[in-house]
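Please have the sequence and the coordinates at hand.

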Amino acid sequence: MKKEKSDHFSGRYGFILACIGSAVGMGNLWRFPVLVSAWGGMTFLIPYVLFVILIGSTGVAEEIALGRSTKSGPIGAFGAATEHAEKGRKLGEGIGIVPVIGSLSLAIGYTCVVGWIFKYVFMALSGQLIGMGGDLDKIGGTFGKTASSFGNNFWLTIALVVTFFIMAFGVAQGIEKSNRFMMPILFFLLVILAIYVAFQPGASGGYRYIFTINPKGLLDPRLWIFAFGQAFFSLSVAGNGTVIYGAYLPDEDDIPFAARNVALFDTIAALLASFVIIPAMATSGAKLSSGGPGLMFIYLVNVLNQMPGGRLIGIIFFVCVLFAGLSSLINMFEAPVATLQQQLHMHRLPAVLIIGGIGLVVSLLIQGIVSQWMDVVSIYICPLGALIAGIMFFWVFGKKYALAAVNQSASKARGTKWYTFGKYVYCGAALLALIAGAILGGIG
């Protein structure tokens with residue numbers, strides 16, 4: 001089969017928006033606010049920001065550079081690394097299957113969640129959400145049915161149809177254009193929500209909590225483990241999606257600049273979500289004691305339904321969540337789609353249809369066990385993929401190649417200190433994230 005002409009992002013800003021879209025997801029909107037609340041506001045934010053700086057400057061930049069320098073996704077990039085080290089290309093290509101499987105597996109689980117979101121957007125628009133008022137049993141029962149086995153077949157299918165419709169148009173016309181539309185609107189709506197919530201009675205208590213510092217809490221090693229885990233997974237560093245997006249980045253664009261902006265705007269999105277959710281919960285006197293689906297689809301729905309203008313606020317909120325989830329889902333599916341294109345020389349549309357078919361069948365079957373599915377993938381496969389990517393770039397390709405790759409077209413070149421930091425500190429931290437995640441049962 002004839003190989004299809006390579007597709008690319010049109011420029012640095014389209015690429016940055018796509019990477020921000022891949023990073024901004026459920027981790028920002030339902031996990032980050034919970035950790036901020038659970039660990040005491042600024043007590044959590046201090047280590048979190050430090051780890052974002054570490055990972056953004058090394059891991060994100062490394063994965064972009066790995067993809068761009070090899071013009072390939074994980075399989076081709078890892079194969080090029082072992083070939084460069086004279087260990088044989090097949091070795092690296094075999095290892096590269098790990099992050100591709102991780103990306104596909106994560107996308108399949110995430111599809112179920114995005115299907116929930118599509119349903120809740122419809123319910124918000126139709127008035128079904130606000131109609132449940134403050135009846136927690138009814139709200140919880142609705143979500144329980146949605147998240148059960150074969151409980152959301154229609155909206156799950158809609159989620160995949162929309163995702164692959166966008167992807168079928170390619171990188172520049174599909175992925176880039178959708179993120180150019182969704183990301184600015186997402187941030188704009190989050191700002192509107194944050195401003196609205198700020199003027200609600202009782203919201204000030206939430207802000208006071210966010211900016212609280214507990215010096216003793218900073219001495220708890222678990223805090224640092226959870227902060228690192230959140231930063232690691234929030235930035236979408238897993239050896240797959242960022243690598244393949246890097247393969248689509250033109251050679252004249254500045255990788256450190258792009259990585260810095262991805263980390264910055266991902267953090268801004270997480271903070272905006274906290275400025276919406278924590279003060280909103282404070283207005284009703286509710287405690288933000290647990291994360292996961294229950295926060296967004298049960299407890300927060302209850303709070304929004306009781307706020308003035310709750311129907312409109314619910315619509316805006318779930319549209320924000322939809323854009324965040326959809327942009328991340330596109331990124332997760334891109335690695336396996338690109339693998340079929342690059343390794344089997346398939347055209348994009350057949351590759352999209354094949355991966356879409358696999359995604360639809362498996363996601364329909366796992367609806368009742370999606371939490372356990374996501375735990376296994378996020379605890380083991382994704383951190384392992386990120387660690388392997390770091391090893392391939394910093395250790396196998398080596399210093400000369402790594403610096404040349406990251407510094408191509410960079411306005412400010414990275415040097416020996418950056419390379420040493422990435423080789424030892426970042427790779428060491430990625431290994432610790434894998435170990436800690438396995439011990440704690442998932443920290444992302």
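In this predicted model, His345 is partly exposed, because its relative accessibility of 33% falls between the 20% limit for buried and the 50% limit for exposed. The residue sits in the loop that links helix H15 (310–344) to helix H16 (348–365).

Ser409 is another residue with positive phi, about 65°, although it is not a glycine. Ser409 belongs to the loop between helix H18 (399–407) and H19. With 39% relative accessibility, Ser409 also counts as partly exposed.

Next comes helix packing. Two packed helices are described by the angle between their axes and the distance between the axes. Helix H1 (residues 12–23) packs with helix H9 (residues 171–198) at an angle of about 65°, and their axes are 8 Å apart. The range from 65 to 115 degrees counts as roughly perpendicular, and H1 and H9 are therefore described that way. The crossing of H1 past H9 is left-handed.

How many salt bridges does a search of the whole structure find? The search finds six. In one of them, the side chains of Arg222 and Asp220 meet at 2.9 Å, N to O. Salt bridges that share partners join Glu83, Arg89 and Glu93 into one network. Within it, the side chains of Glu83 and Arg89 meet at 3.0 Å, N to O, and the closest N and O atoms of Arg89 and Glu93 are 3.0 Å apart. Arg89 and Glu93 both lie in helix H5 (residues 89–126), four residues apart, which is about one turn of the helix.

Glu83 is partly exposed at 45% relative accessible area, and Arg89 is partly exposed at 32%, whereas Glu93 is buried at 16%. For the other pair, Arg222 is partly exposed at 48%, while Asp220 is buried at 18%.

Ile391, Trp395, Phe421, Tyr424 and Val425 make a nonpolar surface patch of about 480 Å². Helix H17 (370–397) and helix H19 (416–440) are the elements that give two or more residues to this patch. Which element gives the largest share? H19 does, with three residues. Trp395 lies in helix H17, and its 44% relative accessibility makes Trp395 partly exposed.

Conventions:
Residues are numbered from 1 along each chain as its sequence is written. This is a predicted model: local features need pLDDT of at least 70, side-chain atom pairs count only at pLDDT 80 or more; totals for chains, interfaces and linings use all residues. Side-chain values use heavy atoms; hydrogens and water are left out. Patches are made of residues with over 30% relative accessible area and no salt bridge: like charges are joined within 9 Å, nonpolar side chains (Val, Leu, Ile, Met, Phe, Trp, Tyr) within 5 Å. Accessible areas come from the Shrake-Rupley method with a 1.4 Å probe; for residues, only the protein chains shown count as cover. A salt bridge is a side-chain nitrogen of Lys or Arg within 4 Å of a carboxyl oxygen of Asp or Glu. Buried means under 20% relative accessible area, exposed over 50%, partly exposed in between (1.4 Å probe, protein chains only). Axes are lines fitted to C-alpha atoms, for helices over the stretch in contact, and angles run from 0 to 180 degrees between N-to-C directions. Angles under 35 degrees count as roughly parallel, over 145 as roughly antiparallel, 65 to 115 as roughly perpendicular and the rest as oblique. A crossing is left-handed if the near helix is turned anticlockwise from the far one by less than a right angle, and right-handed if clockwise.
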